[in-house]
Amino acid sequence: MSRIENDFLGSLEIPDDVYYGVQTMRGKQNFHITEMPMSQEPFFAIAFAYVKKAAALTNKALGTIPADVADALVWACDQLIAGKYNDQFVTDWLQGGAGTSTNMNCNEVICNLACEHLGLAKGDKKVSPNDHANFGQSTNDTYPTALHLSLILRSNVLVKAVEDLVASFYKQAEKTKDVLKMGRTHLQDAVPMSFAQEFHGWGTTIGDEIKTIREAQEHLKVVNLGATAIGTTVTCHPEYPAKAVKRLAELTGIPFVNSDDLIAATSDCGAYVALSSACKSLAVKLTKVCNDLRLLASGPRTGLGEIVLPQLQPGSSIMPGKVNPVIPEVTNQAAFLAIGLDTSVMLAASAGQLELNVMEPVISFALYMQMKVLTNSCNALREKCIDGIVVNAKHCEDLVMGSLGIITVLKPHFGYKPCANIAREGFLTGKSLHELIVDEKKMLTQEQWDKVFTHDNLINPKFEQ
């Protein structure tokens, strides 16, 4: 069963069980680039529906479209906002036309739902995708406005994943506050610390990126709704831009405002660059932390072996019993992908020409994929790794007490050069500091040694004259 729909290029046969129409079908036929439809991001359909609902309500109030048609459009938008019919968004993420295929996909789905609501057949011209659902609009203002909203919604999910991951690090910090370990710089022994400080540091360095993402979200709250084709507001009612953006803010609870310069806003992609940069910054931090985890878990007997990660799967098809740090590894890979996608956003944002940047579809894909892989990897890292880490406390303490790095604690007592000479002697002879300082050189008594090298003083050193 099918129906015939027409546009100025001709006619196409449309399956009767779908809600999109002829212009969507052309886009579907033309673009098979990622082989991934827009339906993979439910927030995009929801965001577009909010934009179209704000438009329909505003046009109804201004009397620019029939009231009964506007009401039917609003009803249809509410269906999409509720998460229904997401599978009808079938256009590829990457497309020519600056998102026109996706805008018309949304217009056609909304109009055909509205037709059914009014008791009409799909495709009935009483509810027109161009003349009603798109009245006073252009792809060039509705697509970016919907993209801004969907990116805010999607980045909120990312922020929640980061917050949960940070909380997991802090929980481990609380559990390991009494565990002594060696700090390292240049992959060499430095000075002692607690594992709680290590875990807390990881949590803090990743948690800092929440603020960065939130700051990027502020840029997304400035849109160009009503700018239409190039920012001159051609075809829309003079009051439409201000009223439509106010309505969108009321519907979403997000304080959207229009740019003071709609011409600039229609071609500018700075908000996307800011969000992508925030994602890249998070990816960099995740990479560093996962590298740390893999180093500290190395071994288990011939590496550092300070922590044991949850064992999830056999690590080799040839080496029996081998287990790999697969979750930090896959998190690293997700971070590398996010960093690479930031380059795509940068290049696309710089590729605008005159009054429009036609590369927004690849920007939308890159940002969606960035946030998707970062969200999923943060959740996996928390659930399958951080929550289940076990610290080898005794091994860590033995490494500290056998290290030459703890000589730093004695520098205020004996000075840098004598301490350096003792450390050098220990390195050359293999003797411990205790042997050299207490047993051979008699620089400290055992009682003095025990007073200086306490567990608490090694973790939280206190200067004493």
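Across the interface of domain 1 and domain 2, 1 salt bridge is found, a salt bridge being a side-chain nitrogen of Lys or Arg within 4 Å of a carboxyl oxygen of Asp or Glu. The partners are Glu 41 and Arg 154, whose closest N and O atoms lie 2.7 Å apart. The model is a predicted one, in which local features need pLDDT of at least 70 and side-chain atom pairs count only at pLDDT 80 or more, while totals for chains, interfaces and linings use all residues. Residues are numbered from 1 along each chain as its sequence is written, and side-chain values use heavy atoms, with hydrogens and water left out.

The same interface holds 3 residue pairs in polar contact, both residues being at pLDDT 80 or more (N or O atoms within 3.5 Å; within protein, one must be able to donate a hydrogen and the other to accept it, and residues adjacent in sequence count only if both atoms are side-chain atoms). On the side of domain 1 that touches domain 2, α2 (42-62) and α4 (100-117) each supply at least two residues; helices are DSSP runs of H or I with at least four residues, numbered from the N terminus. The most comes from α2, with 15 residues.

As for the domains themselves, an automatic or database assignment places domain 1 at 2-135, domain 2 at 141-394 and domain 3 at 404-459. Contact, meaning heavy atoms within 4.5 Å, takes 28 residues from domain 1 and 30 residues from domain 2. The C-alpha centres of these two domains lie 31 Å apart.
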